[in-house]
Amino acid sequence: MKIKERIAKLIDVKSILTLVLTVFFGALTIRGSISSDQFQTIYTTVIAFYFGTQYQKNSNDNKTVWR
């Protein structure tokens with residue numbers, strides 16, 4: 001796989017949204033607007049959703065149709 005293809009796969013809406021939310025909630029935690037426990041809950045949910053959808057996409061792509 002070429003480097004350009006890898007970069008193209010990284011730059012999709014879910015990846016960008018995950019990175020933006022990570023930075024945003026990290027900044028809120030540093031400012032003291034939310035507690036570290038709240039950050040951990042939010043971050044875990046965002047990351048679990050991201051990797052869950054990636055896993056689902058990959059498992060759908062790899063399924064074999066049995067006839």
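## Aromatic pairs

Phe25 is buried, its relative accessible area being 16%, whereas Phe24 is partly exposed at 45%. In this predicted model, a search of the whole structure finds 2 aromatic pairs, and Phe24 and Phe25 form one that is edge-to-face, with 5.1 Å from centre to centre and 75 degrees between the planes.

Phe39 and Tyr43 form an aromatic pair that is stacked, with their centres 5.5 Å apart and 15 degrees between the planes. Because Phe39 and Tyr43 lie 4 residues apart in helix H3 (residues 36-61), about one helical turn separates them. Phe39 is partly exposed, with a relative accessible area of 21%, and Tyr43 also counts as partly exposed, at 33% relative accessibility.

## Nonpolar surface patch

On the surface, a nonpolar patch is formed by Ile3, Ile7, Leu10, Ile11, Ile16 and Val20, which together have about 600 Å² of accessible area. Two or more residues of the nonpolar patch come from each of helix H1 (3-10) and helix H2 (13-31), and H1 supplies the largest share, 3 residues.

Ile16, one of the patch residues, lies in helix H2 and counts as partly exposed, with 42% relative accessibility.

## Overall fold and surface

The protein chain has 3 helices and 0 strands, and its pattern, read along the sequence, is α-α-α. Of the 67 residues in the protein chain, 12% are buried. The protein chain exposes about 6,000 Å², of which 65% is supplied by carbon and sulfur atoms.

Note on methods:
Residues numbered from 1 in each chain as written. Predicted model: local features only at pLDDT ≥ 70, side-chain atom pairs only at ≥ 80, totals over all residues. Heavy atoms only, no water. Patch = residues over 30% accessible without salt bridge, like charges linked within 9 Å, V, L, I, M, F, W, Y side chains within 5 Å. Areas by Shrake-Rupley, 256 points an atom, 1.4 Å probe, with all protein chains shown as cover. Salt bridge = Lys/Arg side-chain N within 4 Å of Asp/Glu carboxyl O. Buried < 20%, exposed > 50% of the residue type's maximum accessible area, 1.4 Å probe, protein only. Phe/Tyr/Trp six-rings, centres within 6.5 Å; stacked < 30°, edge-to-face > 60°.
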